[in-house]
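Visitor: Please take a close look at a single part of this structure, and then relate that part to the rest.

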Amino acid sequence: MQTKFAKRVTTASRSFTRTILDLTAQSSIISFAGGLPDAALFPRDSIEKHAKKLFETEDNRLFQYSNASGVEALKVEIAKKYVGTTSAEIMLTNGSQQGLDLVCKTFLDEKDCIIVEDPSYLAALGLFHMYNATIKAAPLNANGVDTVVLEALFRDYSPKFFYTIPIFQNPTGYSYTLETRKEVVRIAKKYNVILLEDSPYEALRYDGVQTTAFADLLPELTIALGTFSKTLAPDFRIGWMRAPKEIISALTLSKESTDLQNSKFFQHICAKMMQSGELQEHTKTLIQYYRPKRDAMVKALHTYFKESIEFVVPEGGMFIWVNFKKCDDSMKLFDVAIKKGVAFVPGSVFFADKRVSSYGRLNYTNSSLEQIEDGVKKLHDAYIELS
C-alpha cells in the first residue's frame, strides 16, 4: 500500500538529535553529544515529598481535565522572573520544544521568512524546515549576533520572527552583550519583528553577572521560552512561554487543538518547589557540580589539543563550541571519534544550510570528571589520526 504522507514528512531527514540520544544510551561510549543534565543530581527527595503531599491534600480533581494555559500557581511563580509580568502573560507548554512548535503553528504560513542565528539549535532548525519556512541566518560571534547583517535581513525579508538564544547559546555557549541586545531591540522596533527568545540555560551561570532579557527590554515584541528540563527534570516536560496577552490567547488556541493541556501533577510539584525556594537551592547545587566539569573540560582541551583548536570558555550553560582547525569537516572527526569510544556533535548540523564545518559541540554536564579527561584524550587521539 502506498502511504500518502504529507510532504513535510517525506522531505524531512532523520534528526541528528535521535543519533545523539542513541549514543548516550550506549554505556561503551563517552558522550559529549547530548545536552543532558546529570541524572544523579535530580532532586528525587523533594519531588517525592511534594508528590506525597499532593496525594494527602488533594482529591481526585487533581487528575481531571483543566485549562490549556497551565496551573495558576506555577504561572504566578514564573511571572516573577519578568519585569511587570502577570500570570495572564504566561502559558505552560510540554517542554520548550512545544513552545517553538506552537509559535510556528500560530505565526507561519508556507514560505514565510524567519531569521535564525548562524549556527543555531538543531531541533529548532528541523522544526522550521518541517513548516517549510524560508530560513535566513545571521552570523554569530562571542558578543552576539551580527547586527549589521541582522538589520539587512529584517529590511529585505520582513521576517515573522527572529529566533535567538541570547544566553549561553546552543551550540556555541556564547552570550549577547548588553550593547548587542540593545541594538537588536532597536532593529526589532524599527522593522516590527518579533523576537523569539529561547533561554533554556540561563539559570546555569558559573561566572559573570546576569544580563537583561529581551522579554524585559522589549516585552511588547518578545515571545520568551523557558524550561525546567535543565534545572529540575526533563521527563516532567514543563516549559513555558511569556508573551503579550493577545499573543498568549492565540497560542492557547493552537495548544488546545494540539493536546488540550499539559499534565497538572508535575506542574503542582514544580510550583511547590518554587514557592518553598527548593528549586532555587537545587539550581545552586547544579552550578556547584557543573562549574568544575566545565573547568575540567577546558583544562583537558588545553592540555591535549594545545594550540590546534580554538574555543571561547562559556560563562554558563552546557556546551563548548570548538573549532578543530586542522579538520575542515568535523563530521569526519565524529566518525573516527566514535570508533575511539567518544561522541560529540559535528558543527554542520547546527547551520541552516548544513554546510561543512570545522566546528563541533561538546557537552560537559552529563559526564563525570574522569570521563571528561578520558573522553577528551580519546577525541584528541581521533584528531591526530585524522590529521
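Guide: Asparagine 132 counts as partly exposed, at 25% relative accessibility (buried is under 20%, exposed over 50% and partly exposed in between, with a 1.4 Å probe and protein chains only). The model is predicted, so local features need pLDDT of at least 70 and side-chain atom pairs count only at pLDDT 80 or more, while totals for chains, interfaces and linings use all residues. Residues are numbered from 1 along each chain as its sequence is written, and side-chain values use heavy atoms, with hydrogens and water left out.

Asparagine 132 sits in the loop that joins helix 6 to strand 4 (134-141); helices (H or I, at least four residues) and strands (E, at least two) are DSSP runs, numbered from the N terminus. Its phi is near 55 degrees, a positive value in a residue other than glycine. Most residues other than glycine have a negative phi, and most peptide bonds are trans.

Asparagine 192 likewise has a positive phi, of about 55 degrees, although it is not a glycine. Asparagine 192 lies in the loop between helix 8 and strand 7 (194-198), and at 57% relative accessibility it counts as exposed.

Two peptide bonds also deserve attention. The bond from aspartate 118 to proline 119 is cis, with omega near 15 degrees, and proline 119 belongs to the loop between strand 3 (113-118) and helix 6 (122-130). The bond from asparagine 170 to proline 171 is cis as well, with omega near 25 degrees; proline 171 is placed in the loop between strand 6 (161-164) and helix 8.

Helix 8 (residues 178-191) packs with helix 7 (residues 147-157) at an angle of about 10 degrees, their axes 10 Å apart. Axes are lines fitted to C-alpha atoms, for helices over the stretch in contact, and angles run from 0 to 180 degrees between N-to-C directions. The two helices are therefore roughly parallel to each other (roughly parallel covers angles under 35 degrees).

Leucine 301 touches, not counting residues up to four places away in sequence, several residues including Ile309, Phe311 and Leu362.

Threonine 283 also has its place in helix 12. Threonine 283 is buried, with a relative accessible area of 12%, and it touches Ala203 and Thr231, not counting residues up to four places away in sequence.

Notes: Angles under 35 degrees count as roughly parallel, over 145 as roughly antiparallel, 65 to 115 as roughly perpendicular and the rest as oblique. Contact means heavy atoms within 4.5 Å.
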